[in-house]
Amino acid sequence: VAATTTIVDVPQMLALGGTCDSSLPTGGWNPPVVYTCARFNGGDPTGLDVLDKKVYVSAEVSPYLYITDTNGALLNPTCNNAQNPQFVTFTNGFNTGVALNDIRVARSSNGRVYAYAAANAAAKQFQVFDVTDIEQPVRIASSTLATAAGSNPEGFRVYYYDKKAYIVTRETFGNKLHVFDVSHPE
């Protein structure tokens, strides 16, 4: 049986809203190596986004939002070594007061960086944080999803594209897709 390979048209992927780097991988990709690693306090991560070499992780346990700057991270494929278990460190975290199920980060036209999060809550499921200063994130807005009620009205996944934030619920009696104009996040 012959294997088939599908080549994705990069401009088409980007036109459809893909956020992947459009450059092809260079040599050394087979097999991939661990570049660096990090740990954070307990629980499972629920979402991840990257902007300007800063990594934003949403989590199911307090403090719920972790951020690290990977500028200067060193290639060290032995980061699982017990003597040097991590090479980047996360901030102490920002306690959002509620678990976050997903996160997306974008730079606004005003130059500030905002994180859009799907909160695991029955109200105020959509949360907006100013994360320009990764050491001191600030919640600047939140919204309860219209008609999301009944079983599982929590925010589940969030996506950002072209000054709009799209958030869905996992299961709910009401609307499952909500679109926010975030051209002015505050």
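1. In this predicted model, the largest nonpolar core has 18 residues, and those touching the most other members are Tyr 56, Leu 100, Val 105, Phe 129 and Val 131. Two or more residues each come from strand E3 (64-69), E5 and E6, and E6 gives the most, with four residues. Apart from this core lies another, of twelve residues, which includes Tyr 114, Tyr 116, Ala 148 and Ala 165.

2. Phe 129 deserves a separate look. Not counting residues up to four places away in sequence, Phe 129 touches Phe 94, Thr 96, Leu 100, Val 113, Tyr 114, Ala 115, Ala 117, Val 138, Arg 139 and Ile 140.

3. The sheet is open and is formed by four strands in the order E5-E6-E7-E8, with antiparallel pairing. Because strand E5 (100-107) and strand E8 (138-143) stand at the edges with a single partner strand each, one side of each is left without a neighbour in the sheet. From one strand to the next, the twist averages 20°.

4. Between E5 and E6, which run antiparallel, there are seven bridges; in one of the pairs concerned, Arg 104 has Tyr 116 of E6 as its bridge partner.

5. Val 113 belongs to strand E6 (residues 113-119), and Val 113 counts as buried because its relative accessibility is 6%, where the cut-off is under 20%. Leaving aside neighbours within four places in sequence, Val 113 is in contact with Leu 51, Tyr 56, Val 105, Ala 106, Arg 107, Phe 129, Asp 130, Val 131 and Thr 132. The C-alpha atom of Val 113 is separated by 9.8 Å from that of Pro 185, a residue 72 residues apart along the chain.

Definitions and conventions: Residues numbered from 1 in each chain as written. Predicted model: local features only at pLDDT ≥ 70, side-chain atom pairs only at ≥ 80, totals over all residues. Heavy atoms only, no water. Buried < 20%, exposed > 50% of the residue type's maximum accessible area, 1.4 Å probe, protein only. Contact = heavy atoms within 4.5 Å. Pairing = 2+ DSSP bridges. Axes fitted to C-alpha atoms, helices over the stretch in contact; angles between N-to-C directions. Core = buried A, V, L, I, M, F, W, Y, C linked by side-chain atoms within 4.5 Å.
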